[in-house]
Amino acid sequence: MSNPSHSQPTCYFFKFGLLVTGKGEERYLPQLFRSLMATEICSFEVIRKIEQLNPITSKARIEIVGSGKKIPSEDEKRIGIPARQYIDSDDCNYVLLIDDLEASREGKAKQVFDRYREVLDAFLLNKRERASVHFLVNMLEAYYFADIQAINQILGTSLQEFDGDVETISHPKGNLKQSYRGFREVEDGGKIIQELDMTRILGNPETCAALRTLFAWCLKILKQYPDSSNLNLNDLEERYHIEDGKLYEITASQL
């Protein structure tokens, strides 16, 4: 893992601003990071819901002055400006852009990542290491199946543990609706998220590579905290298999 920028000042509290693409994520995604917030040195908040972006096909691009890069104008408004404003507002602020990577878009993941990364790099310039791009594979609901107890508790179902990597489930939201026809993406999903046990979800080093990479990036930032050895960050890294677990190759390039 690369070291954070040497120009970064000492931080005693870190704020992560989330740019998200889903309705459920807009309302409840910060709860996914409860174990990190329990350290009492960080917070997570959604700063904007954005539209999903696909690989660039249009030649209509604008040049960002001083960056030497060109990006589509809508990307500037939706991503670049909000990210820059959030990071500029405090030296200890960071941005996470988190997108659902449905099965239909999985083959284009690298191109989608590059588009998000390009606009962040263009606007953040020397602060670009304070933002990262991550995917929920194949969408947030996939991770519910890695903690079946949470689903059964909230929905009153009796589902069995999923045998395999939940990031390979093609349509997790559809699977939920088949198991519980009254499933409500936002209301029920929000309750499930608040019950999810990240140790269960990331406890298998061979599964959930994309989610593990997201937590690895956050933990890397938190370890900048002075005397972080007094916190439980090493314990979290061990329980989530950050060092010995599978990572998602595309987004792991940011570590």
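The model is predicted.

**Stop 1: Phe14 and strand E1**

Select residues 14–20, which form strand E1, and pick out Phe14 within that strand. Phe14 has a relative accessible area of 0%, so it falls under the 20% limit for buried residues. Show its surroundings next. Leaving out residues up to four places away in sequence, Phe14 touches Ile41, Cys42, Ser43, Cys92, Tyr94, Ile221, Leu222, Gln224 and Tyr225.

**Stop 2**

Select residues 209–222 for helix H9. This helix has 14 residues and spans 20 Å from first C-alpha to last, close to the 20 Å expected at 1.5 Å a residue. How many of the residues of H9 are buried? The count is 14 of the 14, so H9 is largely enclosed by the rest of the structure.

Lys220 is one of the residues in helix H9. Its relative accessibility is 11%, so Lys220 counts as buried. Draw a C-alpha distance from Lys220 to Glu237: the two are 9.7 Å apart in space and 17 residues apart in sequence.

Now colour the largest nonpolar core, a set of 80 residues in which Phe16, Phe33, Leu36 and Leu211 touch the most other members. H9 gives this core its largest share, eleven residues. In soluble globular proteins, nonpolar side chains tend to be buried together.

Centre the view on Leu211. Apart from residues up to four places away in sequence, Leu211 touches Leu32, Leu136, Tyr143, Glu167, Met198, Ile201 and Leu202.

Beyond its neighbours within four places in sequence, the contacts of Thr207 are Gly164, Asp165, Ile201 and Arg212.

**Stop 3: helix H4 and the residue after it**

Select residues 109–124, helix H4. H4 contains 16 residues and reaches 22 Å from its first C-alpha to its last, close to the 22 Å expected at 1.5 Å a residue. Twelve of the 16 residues are buried, so H4 is largely enclosed by the rest of the structure. The buried residues of H4 include Val112, Phe113, Tyr116, Val119, Leu120, Phe123 and Leu124, and also the charged-type names Arg115, Arg117 and Asp121.

Just after H4 comes Leu125, with a positive phi of about 50°. Leu125 is in the loop between H4 and E6. With a relative accessible area of 34%, Leu125 lies between the 20% and 50% limits and so is partly exposed.

**Stop 4: two further backbone features**

Most residues other than glycine have a negative phi, and most peptide bonds are trans.

Go to Glu40, in the loop between helix H2 (34–37) and strand E2 (42–49). Glu40 is not a glycine, yet its phi is positive, about 65°. Is Glu40 buried or exposed? Its relative accessibility is 66%, so Glu40 counts as exposed.

Then select Val137 and Asn138. The peptide bond from Val137 to Asn138 is cis, with omega near -5°. Asn138 belongs to the loop between strand E6 (131–137) and helix H5 (148–155).

**Stop 5: the second largest cavity**

Rolling a probe the size of a water molecule over the atoms shows where empty space is left. In this structure, a search of the whole model finds two cavities of 30 Å³ or more. The second largest cavity holds about 40 Å³ of space.

Which residues line the second largest cavity? Select Gly24, Glu25, Tyr28, Leu140, Glu141, Tyr144, Glu185, Val186, Gly189, Gly190 and Ile193. Helix H1 (23–28) and helix H7 (187–193) each supply at least two residues of this lining. Coloured by type, the lining of the second largest cavity divides into five nonpolar, three polar and three charged residues.

Terms used: Residues are numbered from 1 along each chain as its sequence is written. This is a predicted model: local features need pLDDT of at least 70, side-chain atom pairs count only at pLDDT 80 or more; totals for chains, interfaces and linings use all residues. Side-chain values use heavy atoms; hydrogens and water are left out. Helices (H or I, at least four residues) and strands (E, at least two) are DSSP runs, numbered from the N terminus. Buried means under 20% relative accessible area, exposed over 50%, partly exposed in between (1.4 Å probe, protein chains only). Contact means heavy atoms within 4.5 Å. On a 1 Å grid over the protein atoms alone, a cavity is a set of points where a 1.4 Å probe fits but cannot get out, and a pocket is an open set with protein on both sides within 12 Å along at least five of seven lines; lining residues have an atom within 4 Å of a point. Grid points are joined across faces, edges and corners, and a volume is the space filled by probe spheres set on the points. The expected span of a helix is 1.5 Å times one less than its number of residues. A nonpolar core is a set of buried Ala, Val, Leu, Ile, Met, Phe, Trp, Tyr and Cys residues joined through side-chain atoms within 4.5 Å.
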